[in-house]
Structures are given as structure tokens and as C-alpha cells.
Amino acid sequence: MSLLFIVSLMIQAGFIIHVIKTGRNQLWIWVLIIPGLALAGILAYIVVEILPELFRSRTAQRTARGFRRALDPGAELRRYESEARVAGNVATRQRYAEELVRHGRFDDAIGQYREALTGLYEHAKGDAASARVTLDELIRLNPDFRSPVGHLLYARALESEGNVQKALEEYRVLANSYPGAEAAVRYAQLLQKQGERAEAQKVVRELLEQARIAPGHYRRAQRTWLDAAQRLL
């Protein structure tokens with residue numbers, strides 16, 4: 001028995017086992033086993049059963065992306081850059097930033113995350129998880145980055161996600177450092193929601209006392225939040 005014949009039998013057996021183990025139509029067994037038709041049967045089985053499944057799989061898609069990246073390493077970077085430039089929304093900037101990180105362009109990635117942060121603050125519609133993930137990534141890439149607006153957005157995202165204790169911790173830090181009354185009021189509101197009325201009123205009284213001795217332009221600019229603070233008393 002020649003080596004080629006033995007190999008062909010092993011290949012046939014392998015495909016037959018695949019039919020049985022994957023629950024394919026049992027008629028394939030006869031197609032694969034009939035002498036003289038084995039090669040045609042194997043090719044038909046690959047085309048009809050295996051290739052469609054392969055091209056739908058995530059592994060195949062990752063493999064295809066890997067080939068494309070090997071042939072043109074900058075293709076996806078150019079595509080994401082174009083999408084971010086045209087759409088300019090949070091999602092496209094985040095994808096572009098992630099691709100920049102993959103290419104080792106960390107400073108450029110930080111710039112895109114900052115743009116995404118601005119977009120989240122101005123246009124976010126309750127997507128708390130997306131806001132938090134973007135901020136976490138920005139902080140990871142740039143540990144020295146400091147932004148009161150970003151810090152407040154982070155606390156709000158945590159609160160929206162239901163992570164109350166962590167949100168309280170963030171608001172507590174912000175209450176005395178945020179350049180405006182919003183952070184302290186949000187902190188007091190969350191404290192009150194948690195039944196900590198005495199602590200909430202303490203925060204509010206301190207805020208209103210500071211506002212009383214602050215310049216008039218501060219009180220005018222913060223009127224909405226100062227009125228909200230008065231309602232908590």
C-alpha cells in the first residue's frame with residue numbers, strides 16, 4: 001500500500017470524523033467514502049460546509065485583519081483617522097486613539113482621548129460606561145493629566161453606573177477643589193439620596209458660606225447651583 005494512498009485514506013477519515021463530530025448531514029459520509037469520488041467529495045465538503053463557517057468566524061476575521069496589516073500596516077490607522085476627521089464623535093476618536101496606541105504614537109493618542117473627553121462632556125447622552133472607559137484610558141496613558149471637568153465627569157459616570165461609594169469618594173475630593181459649585185452640590189445631592197442628610201447639609205452650608213464672601217460675579221455665574229444648594233437645606 002503506497003504512502004500516498006495511506007495519506008488519502010487518513011484525509012478521508014479525518015473529514016468523515018468531522019462530519020460526525022459537528023453533526024453535519026450524514027449523506028456527506030457517503031460522498032466522502034465512495035471510491036473515485038473522494039477528492040471531489042472533499043472539495044465539495046470544504047466549499048459547502050467549512051469555508052462559509054470559516055469566513056464567519058472571529059478567528060478568520062482576525063486572521064484576515066492580520067494579513068491586511070502585514071501587507072499595509074498603516075491602512076487601519078488611515079481609515080480611523082479619516083473617520084475621526086469626518087465624524088468627529090466620541091466613538092470614532094476613541095477607535096483612532098486605540099489604533100494610535102497600537103502604533104506606539106502615545107502623545108497623539110492622548111490628544112485624541114482629550115478630544116473624546118470634550119465630546120463626552122458636551123454631548124454625552126447617558127452613556128456612563130463609555131465615558132468612564134474613555135477617562136480610564138486617558139488616565140492610563142497620561143497619569144499626570146489633570147482636568148477638573150474630566151474628574152467631575154468621571155464622578156458622574158460612576159454615579160450613573162451605580163457605583164455610589166466610588167462616586168462619593170470622587171465627589172468628596174472635588175467638593176473643595178472644583179472651580180464652581182456644581183461638584184459640591186452633586187456631592188450633597190448624592191449624600192442625601194443615601195440617607196446621609198447631616199453630612200449633605202454640612203457640605204451645602206460650607207458651600208453657601210464660601211459663596212457669601214465670594215465676588216459677585218462668582219455668585220451670578222453659579223446661581224443655578226447655589227439655588228439647588230439652598231433647596232437641600
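R85 counts as exposed, at 60% relative accessibility. Its side chain meets that of E81 in a salt bridge, 3.9 Å from N to O. The model is predicted. The protein chain has 14 helices and 0 strands. Of its 233 residues, 36% count as buried.

**Salt bridges**

- A search of the whole structure finds 9 salt bridges.
- E81 and R85 are 4 residues apart in helix α5 (residues 75–87), so about one helical turn separates them.
- E81 is partly exposed, because its relative accessible area of 33% falls between the 20% and 50% cut-offs.
- R85, at 60%, is over the 50% cut-off and therefore counts as exposed.
- E209 and R212 form a salt bridge through their side chains, at 2.7 Å from N to O.
- Both E209 and R212 lie in helix α12, 3 residues apart, which is about one turn of the helix.
- E209 is partly exposed at 40% relative accessible area, whereas R212 is exposed at 56%.
- R105 pairs with D108 in a salt bridge, with the closest N and O atoms 3.0 Å apart.
- R105 is partly exposed at 36% relative accessibility, and D108 is partly exposed at 38%.
- A network of salt bridges links R79, E83 and R95.

**Nonpolar cores**

- The largest nonpolar core has 31 residues.
- Y171, Y187 and L207 have the most contacts inside this core.
- The elements giving two or more residues to this core are α9 (148–161), α10, α11 (182–193), α12 (197–213) and α14 (223–231).
- Helix α11 gives the most to this core, with 7 residues.
- Beyond four places in sequence, Y187 touches L168, Y171, R172, A175, E199 and V203.
- A second, separate core has 8 residues, including F15, L32, I42 and Y45.

- L174 is found in helix α10.
- L174 counts as buried, because its relative accessibility of 1% is under the 20% cut-off.
- Leaving aside neighbours within four places in sequence, L174 contacts P148, H151, L152, A155 and A183.
- L174 and A184 are 10 residues apart along the chain, and their C-alpha atoms are separated by 7.1 Å.
- E170 also has its place in helix α10, which covers residues 164–175.
- E170 has a relative accessible area of 13%, under the 20% cut-off, so this glutamate is buried.
- With neighbours within four places in sequence left aside, E170 is in contact with H151, Y154, A155 and L158.

**Surface**

- The accessible surface of the protein chain comes to about 14,700 Å².
- Carbon and sulfur atoms hold 57% of that surface.
- L27, W30, I33 and I34 form a nonpolar patch on the surface, with about 440 Å² of accessible area together.
- L27 has its place in helix α2 (residues 27–33).
- L27 counts as exposed, at 57% relative accessibility.

- Among contacts in the protein chain with a separation of 6 or more, 44% join residues 24 or more positions apart.
- From the N terminus on, the elements of the chain run α-α-α-α-α-α-α-α-α-α-α-α-α-α.

Note on methods:
Residues are numbered from 1 along each chain as its sequence is written. This is a predicted model: local features need pLDDT of at least 70, side-chain atom pairs count only at pLDDT 80 or more; totals for chains, interfaces and linings use all residues. Side-chain values use heavy atoms; hydrogens and water are left out. Buried means under 20% relative accessible area, exposed over 50%, partly exposed in between (1.4 Å probe, protein chains only). Contact means heavy atoms within 4.5 Å. Patches are made of residues with over 30% relative accessible area and no salt bridge: like charges are joined within 9 Å, nonpolar side chains (Val, Leu, Ile, Met, Phe, Trp, Tyr) within 5 Å. Accessible areas come from the Shrake-Rupley method with a 1.4 Å probe; for residues, only the protein chains shown count as cover. A salt bridge is a side-chain nitrogen of Lys or Arg within 4 Å of a carboxyl oxygen of Asp or Glu. A nonpolar core is a set of buried Ala, Val, Leu, Ile, Met, Phe, Trp, Tyr and Cys residues joined through side-chain atoms within 4.5 Å.
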